[in-house]
Amino acid sequence: MDLSYSPEELAFQEEIRTFLQNDLPKDIAEKVRLDRDLTKDDMERWHAILNARGWLAQNWPAAYGGAEWSAVQRHIYDTEAAAAHAPRIVPFGFSMLGPVLQKFGSKEQQDHWLPRMLDGTDWWCQGYSEPGAGSDLASLKTKAVRDGDHYIVNGQKTWTTLGQFANMIFCLVRTDPDAKQQEGISFLLIDMDTPGVEVRPIILLDGCHEVNEVWFTDVKVPVENLVGEENKGWTYAKYLLTHERTGLGGVGSSEAGLKAVKRIAKAANHNGKPLLENPHFAARVAQVEIDLRAMATTNLRIISKAAAGEAPGLEASMLKVKGSILRQEINDLARRAVGPHAMPFASEAIEGANDRIPDPFDAGPVAGQYFNNRKLSIFGGSNEIQRGIIAKVTMSGGA
Amino acid sequence: MDFNLTEERQMLQDTLRRYLREQYGTERRNQILESDTGFSPDIWAELAELGVLGALFTEDQGGFGGAGFDIAVVFEELGRAGVVEPVLDSALIGGRLLAAAGKADMVEQVIGGALHLAVAHGEPDSRYDLDHVNTTASDGKLTGRKAVVMNAEAADHLIVSAKDGDTIALYLVDKGAAGLDIQGYPLLAGGRAAEVTLDNTPGTALGLGLSDFEAVNRLAIVAQCAEALGAMDTATALTKDYLMTRKQFGRPIGTFQALAHRMSDLLTEMEQARSAVINAAGYVADRDADLHLSASKNLMGRIGRLVAEEAIQMHGGIAMTQEYELAHIAKRIIMADHRFGDTDYHLERFIALSAA
């Protein structure tokens, strides 16, 4: 047992810190700190800076232009990036589709799509969920029918994150309506400029536009955009879901969030004293901090296992459940800390509106974030689904 | 012991519930939410006509109710429909302060829906403390800053608290008075508020002090608890319906025990919440009113959070969308905890009052 980083890892941490200090644009970091919406340009600018350093596709093998970082290195980056208020790397290409193409895609697909992810030519989004297929993803109905050199796609996807910025979408589609649910699904790459693709915004309860509906009406997709074999898409989707499961706990985000809560509670007056000195509030903050310290170590234990080549299975589900609960608790503390100042509605949707919103603690829209982050326990397999997986794996011997 | 509403209150509840069900659906409310004023003058006039505003005042004050249970009945229905019109701030707090000051003419106008008020008490660092006032009054001129003042832009008059020497007193300030600056903005859960700055602004003393303000604040706590209860009832009903209709894995999701048990817990907690509101309304004029009110506000804050979060979680993604009814209702529930003292504030006050 040794809880400390090796000299190499410490040097790596220092390198990341220096890079973030020098190369992370201040205007972007400030937006992240105050939970403001990032523009497409902000995100592309950050991607380009990382790519110039060779650090954009952190988990890819060097042969594909990746950084080939270990799980521990990735953890170090995630922690430092969250502390420095760097934007999250948009995961759909780099963490999700990239590894699938590297494992199951053809040489042509790899040569064509992977470099375009790195240089920003393509912005990918994910077409999995449907209105009737959420937790029960395998019941999806969007269908693709083979017609000569093309598939004809009809149906609707939903909760498509940042679909408004994307030009490409990877989709799960039903190619065999007669097969058992999981067996008739294929993995298809679709150009969103194709006639018949329509993106409709979904406005979330905090006023943000980050997810969309994507509709397909007789969309022609060339057969060379099929990944792997027809009707094997579920296998690839599951690989995608289990491949990139580290960082799920959001430890870095939680640590940054807790720091913000303490800063706000130090500035907030409660009966003539800082709120952070109030025993009741301080106790609640301390409980979260105690949980978080243990979770940081749990996270590292799982990362070590992954680094040793073991695929994290139910531990990933545990991290997601515990991590989302902690992050939501921190959001709750933040909205409580600002007191009555939680009520104003700060919105990117209203031009110039944020300039008029009083923000005495320089806290950003903490109440909006409290509501927005209810998604953490819903998306990517809800906490109920994760608990089901944990129970199934531990009590019936297999998922 | 009788837990039934009186005939008059039952009629008021039925009338208001029917009216809001017919006139205040999600679509209408979303139009109101997006309007520049943040509330509908038509709805306001109709609420006055239905006697909803009059029910907040005693007969002596020109109304026909005014007791804890009258207030609770009105606000539970407003909460059930997610009403964003400023009944609580303009009519109840503003109107009852004017009534306490003996301004019978103005109260009559409030009850008739013709007069709008705003109460400017909280300051940027006062949090939930009622006695934290830095705005000063000198020779009838007020100077200071007031934060998150509800309905300030629409108000004909502001009721402003200020310190004259060591004493907190309330003043009536006309809209458009010299040195009065109002910077408005929308609120997360609907309606509008403003940052108000007073710079040697003339005000007329109302002859009211902190204890008068505290008395009206007790009524406001009853109203806020009842409003949250109505909203929580809607959230619970929407969730129950959704669990019985939404199918995944070939069956209604409410048939999964993990969700069924949580729904059962919500329904149980809702009974506790209803009792808390009855306690608040029943004891608001009691000698121990503050202890009862703190108990109720604390419990409503706790159960409110549980209901809002569980309702969203059990719905899943759909509850995250602005156009679904629950989104607005959940925001009303949570934001109720940011007014008149939150869960923690009232826990501490309960501890202090119990020990006394």
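The buried residues of α10(B) pack against α12 of chain A, together with α2 (26-34), α4 (68-80), α7 (210-245) and α9 (289-315) of chain B. That is a handy place to start, and here "contact" asks for C-beta atoms, placed from the backbone, within 7 Å of each other. Everything here comes from a predicted model, where local features need pLDDT of at least 70, side-chain atom pairs count only at pLDDT 80 or more, and totals for chains, interfaces and linings use all residues. As for names, residues are numbered from 1 along each chain as its sequence is written, while chains are lettered from A and ligands numbered from 1 in the order in which they are written.

- The complex gets an ipTM of 0.95 and a pTM of 0.95 from the predictor.
- Chain B averages a pLDDT of 97, and 100% of the residues score at least 70; pLDDT is the predictor's confidence in each residue, from 0 to 100.

**Helices of chain B**

- Among the buried residues of α10(B) are B:His328, B:Lys331 and B:Arg332, along with B:Leu326, B:Ile329 and B:Met335.
- Helix α5 of chain B (residues 87-100) has 13 of its 14 residues buried, so it is largely enclosed by the rest of the structure.
- Just after α5(B) comes B:Gly102, with a positive phi of about 75 degrees.

**Chain A as a whole**

- You'll find 13 helices and 10 strands in chain A. Helices (H or I, at least four residues) and strands (E, at least two) are DSSP runs, numbered from the N terminus.
- Chain A has a radius of gyration of 22 Å, close to the 21 Å that the globule rule gives for 399 residues, so it is as compact as a globular protein of that length. The radius is taken over C-alpha atoms, and the rule is 2.2 Å times the number of residues to the power 0.38.
- The C-alpha trace of chain A spans about 75 × 50 × 45 Å along its principal axes.
- Of the 399 residues of chain A, 43% count as buried.
- Taking contacts in chain A with a separation of 6 or more, 71% are between residues 24 or more positions apart.
- Chain A splits into domain 1 (7-89), domain 2 (122-232) and domain 3 (245-396), with bounds from an automatic or database domain assignment.
- Between the C-alpha centres of domain 1 and domain 2 of chain A there are 30 Å.

**Strands of chain A**

- Strand β4 of chain A (residues 168-174) has 7 of its 7 residues buried, so it is largely enclosed by the rest of the structure.
- From β4(A), A:Met168, A:Phe170, A:Leu172 and A:Arg174 point one way, A:Ile169, A:Cys171 and A:Val173 point the other way, and all are buried. In a regular strand the side chains alternate between the two faces of the sheet.
- Strand β1 (residues 124-127) of chain A runs parallel to β4(A), joined by 4 bridges; two strands pair if DSSP finds at least two bridges between them. A:Trp124 sits opposite A:Met168 of β4(A).
- Strand β5 (residues 185-191) of chain A runs antiparallel to β4(A), with 7 bridges, and A:Leu172 has A:Phe187 as its bridge partner in β5(A).
- Strand β7 (residues 209-222) of chain A pairs antiparallel with β3 (residues 150-157) over 7 bridges, where A:Lys220 partners A:Ile152.
- β7(A) also pairs antiparallel with β6 (residues 197-203), again over 7 bridges, and A:Glu213 partners A:Arg200.
- β6(A) and β7(A) make a hairpin with 5 residues between them, and A:Gly207 in the turn has a positive phi of about 90 degrees.

**Where the chains meet**

- The contact takes 37 residues from chain A and 35 residues from chain B.
- On the chain A side, the elements giving two or more residues are β6, β9 (269-270), α9 (279-307), α11 (353-356) and α12 (366-372).
- α12(A) gives the largest share of that side, 3 residues.
- The chain A side divides into 19 nonpolar, 12 polar and 6 charged residues. Ala, Val, Leu, Ile, Met, Phe, Trp, Tyr, Cys and Pro count as nonpolar, Asp, Glu, Lys and Arg as charged, and the others, Gly among them, as polar.

How values were computed:
A residue is buried if 20 or more other C-beta atoms lie within 10 Å of its own, exposed if 12 or fewer, and partly exposed in between; C-beta atoms are placed from the backbone. Two residues are in contact if their C-beta atoms, placed from the backbone, lie within 7 Å.
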